[in-house]
Amino acid sequence: MSQSLQKSGVLSGRLTKTALFYGALILVALIWFTPVITLIITALKDAGDFAVNGAFSIPKSIRWSNFSEAWDAGVKNYFWNSVIVTGVKVPIGILIEALAAFALTHMHFRWANKVFTYILIGLIVPIQMTLVPLTLLLNSLNLIDTLHGLILLYIGFGVPFGVLVMRGFFRTVPTAIIEAARLDGCSWFRIFYRIALPLALPAVISLCILDGVATWNEFILAQIFLRSDELRTLPLGLVQFSTQFSTQYDQLAAAVLIAVVPIVLVFLLFQRYFVSGMGGAVK
Amino acid sequence: MSTLQETATTKSAPVLRVKARKSGDDYLRLSPWLFLAPALAIYTIVVVYPMVYSAYLSLFRWDGVAPTMVFVGLRNYINLVTQNDVFWIALKNNAVWLIAALLLPTSIGLGLALLLNMKFRGSAIFRSIFYFPAVLSLAVVGLIWTWIYQPDLGLLNQALGAFGLKGLQRNWLSDPLIAIYPVILAATWNAVGLPMLLFLAGLQTVPPELLEAAKIDGAGAFRRFIHVTFPLLRETTLIVLAITAINALKAYDIVYAMTNGGPANRTQLLSTWMYFLTYNYNTVGEGTAIAVILFLLTLIFAIPYLRIMTRKV
């Protein structure tokens, strides 16, 4: 009898501990997530409700039209521009980064390490260090205020991180496989295309996602090199939107949510690739 | 056959090279460069060449339009240091930002990683929640937090009011004395995810047997962390510190979105002030000089980082 009592005492002690643990964790997580919750609530209420009750009250009535109004007020353009830029930049970027990383890992040549170091420098260059010459360059190519000009810059700036991630992965591909294919008379390009790239598929997906998110979010190059409103990408467009509609918090929040939703979907669907991609960058 | 095995097991490049030379396989020596060419070409044109050219431009007085540039040596740098008050404000803000970035996101990230590494039910959901801000663009983070700091309707002042702390309410982003701190806090919210992820990855490499052995020897959780886990995370910690420092010095969009350098230039960073000098005041020489200074500051943290990344060959 006393034994079973003791046991249940231990059990309930453990239960309280677990409850406390989860309680504390949920509280911290809620505080951490407050900005996001506020954003969602604001996007769903009308401006009058916001002005009277502030940011954090439950919306009186849900106002979906905020989204369509924001969409028509210009977010539509920004959204499709971001889709185009990301959709073109990421595949081209990954292809050239994978080619380079493959050469650096499996095509043993004397300068491989020097070339890798040269490429890594790009990870630390402040973009400000390139702006003026890039302005001159794009100007002379007539690419200022065009999406292809911006895509060109994105591909260039993406090279260091992409090569780093792909190289980290290619190093785990056993040399024996490559050597065997070489001896069988396979050309380097065939080895790359038929063996290395399929094996590296997880890394390619990781990089697609990390690079896609980074491109979707990029601000400073877009700010400097896109001039006309109809060419703006989302982050730039949103900041612009916020100065134009500074008091219409409801529409602004809806606009921000529209920009964030694709990222959330990618994040939820491919979460584990964020981890493996970053792991690849440090390996 | 034995050479093949040797190449396979030790990745020994010299063997291959000798082989290549013997057979006169020019294709073997040219083809790496063909594979590298697209990436190297575009990277050199877009990143490296502009970087070098900026350093050169920083030695000239130029308005960005005139056909002639006047060589002034280090005059632009001297002018910045001696006559440009905002340069010092920006430099100080960068220093505060850097210190905050080295302390806050790193330690919060480590704490969260240790917590979430305990495999409890639902830990994956919490990991997503805590990582989530890291996938948002800094412009978006800036906009969201601008509303939080909004003086009348913003969440922060309302919450302070609700808890009876009206005395602490501020006009957060328009008070010149403090405006930089709310911006840094917003940036921190975004910056925690990466260290958390890297520390979580690092924790996977700590052998559980070691921790078990320490536990049997009577070491408590704290001592197990100090004497077992943390020493094994040394390299991860170095990488995390380097990356957060480099990212902190790159900060730009969030300031642009939240304060645009104001009030009265009190939240300028070197990066934003570079933009103002170059594109608003047309003093290209001084603008690029700031960019060079920013790059040199970054190098302090980047050199150890690049060492680690290239060491593992």
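How many helices and strands does chain B have? Select chain B and colour it by secondary structure: there are 16 helices and two strands. Helices here are DSSP runs of H or I with at least four residues, strands are runs of E with at least two, and both are numbered from the N terminus.

Before going on, some ground rules. This is a predicted model, in which local features need pLDDT of at least 70 and side-chain atom pairs count only at pLDDT 80 or more, while totals for chains, interfaces and linings use all residues. Residues are numbered from 1 along each chain as its sequence is written, and chains are lettered from A and ligands numbered from 1 in the order in which they are written.

**Stop 1: chain B as a whole**

Stay on chain B. Its radius of gyration is 25 Å, well over the 20 Å that the globule rule gives for 313 residues, so chain B is more spread out than a compact globule. That radius is taken over C-alpha atoms, and the rule is 2.2 Å times the number of residues to the power 0.38. Along the principal axes, the C-alpha atoms of chain B fill a box of roughly 80 × 70 × 30 Å. Buried residues account for 41% of the 313 residues in chain B. Buried means that 20 or more other C-beta atoms lie within 10 Å of the residue's own; exposed means 12 or fewer, and partly exposed is in between, with C-beta atoms placed from the backbone.

**Stop 2: a helix and a loop in chain B**

Select residues 123–131 of chain B, which form helix α6. B:Arg127, B:Phe130 and B:Tyr131 are buried there. Look down the axis of α6(B): its buried residues fall within an arc of 95°, so they line one face of the helix. The arc is that of the directions from the helix axis to the C-beta atoms.

Now move to the loop between α14 (253–258) and α15 (270–280) of chain B, where B:Pro263 is found. The peptide bond from B:Gly262 to B:Pro263 is cis, with omega near -10°. Select B:Ala264, in the loop between α14 and α15 of chain B. B:Ala264 is not a glycine, yet it has a positive phi of about 50°. Is B:Ala264 buried or exposed? It counts as exposed, with 12 C-beta neighbours inside 10 Å.

**Stop 3: chain A**

Switch to chain A. Its secondary structure comes to 13 helices and zero strands. The C-alpha trace of chain A spans about 70 × 70 × 30 Å along its principal axes. Buried residues make up 48% of chain A.

Colour chain A by domain. The assignment gives domain 1 (2–53) and domain 2 (73–282); such bounds come from an automatic or database domain assignment. The C-alpha centres of the two domains lie 37 Å apart. Eight residues of domain 1 of chain A are in contact with seven residues of domain 2 of chain A. Contact means that the C-beta atoms of two residues, placed from the backbone, lie within 7 Å. On the side of domain 1 that touches domain 2, the largest share, four residues, comes from α1(A).

Next, select A:Asn142. It sits in the loop between α5 (128–140) and α6 (147–170) of chain A. A:Asn142 has a positive phi of about 60° although it is not a glycine. A:Asn142 is exposed, with 9 other C-beta atoms within 10 Å.

**Stop 4: where the chains meet**

Show both chains. How many residues of chain A are in contact with chain B? There are 71, and they meet 74 residues of chain B. The largest share of chain A's side, nine residues, comes from α1(A). By class, that side has 53 nonpolar, 16 polar and two charged residues. Ala, Val, Leu, Ile, Met, Phe, Trp, Tyr, Cys and Pro count as nonpolar, Asp, Glu, Lys and Arg as charged, and the others, Gly among them, as polar.

**Last stop: the core**

Which residues have the most contacts inside the largest nonpolar core? Select A:Ala100 and A:Val256; the core has 175 residues. Such a core is a set of buried Ala, Val, Leu, Ile, Met, Phe, Trp, Tyr and Cys residues joined through C-beta atoms within 7 Å. Not counting residues up to four places away in sequence, A:Val256 touches A:Leu39, A:Leu238, B:Val140, B:Leu143 and B:Ile144.
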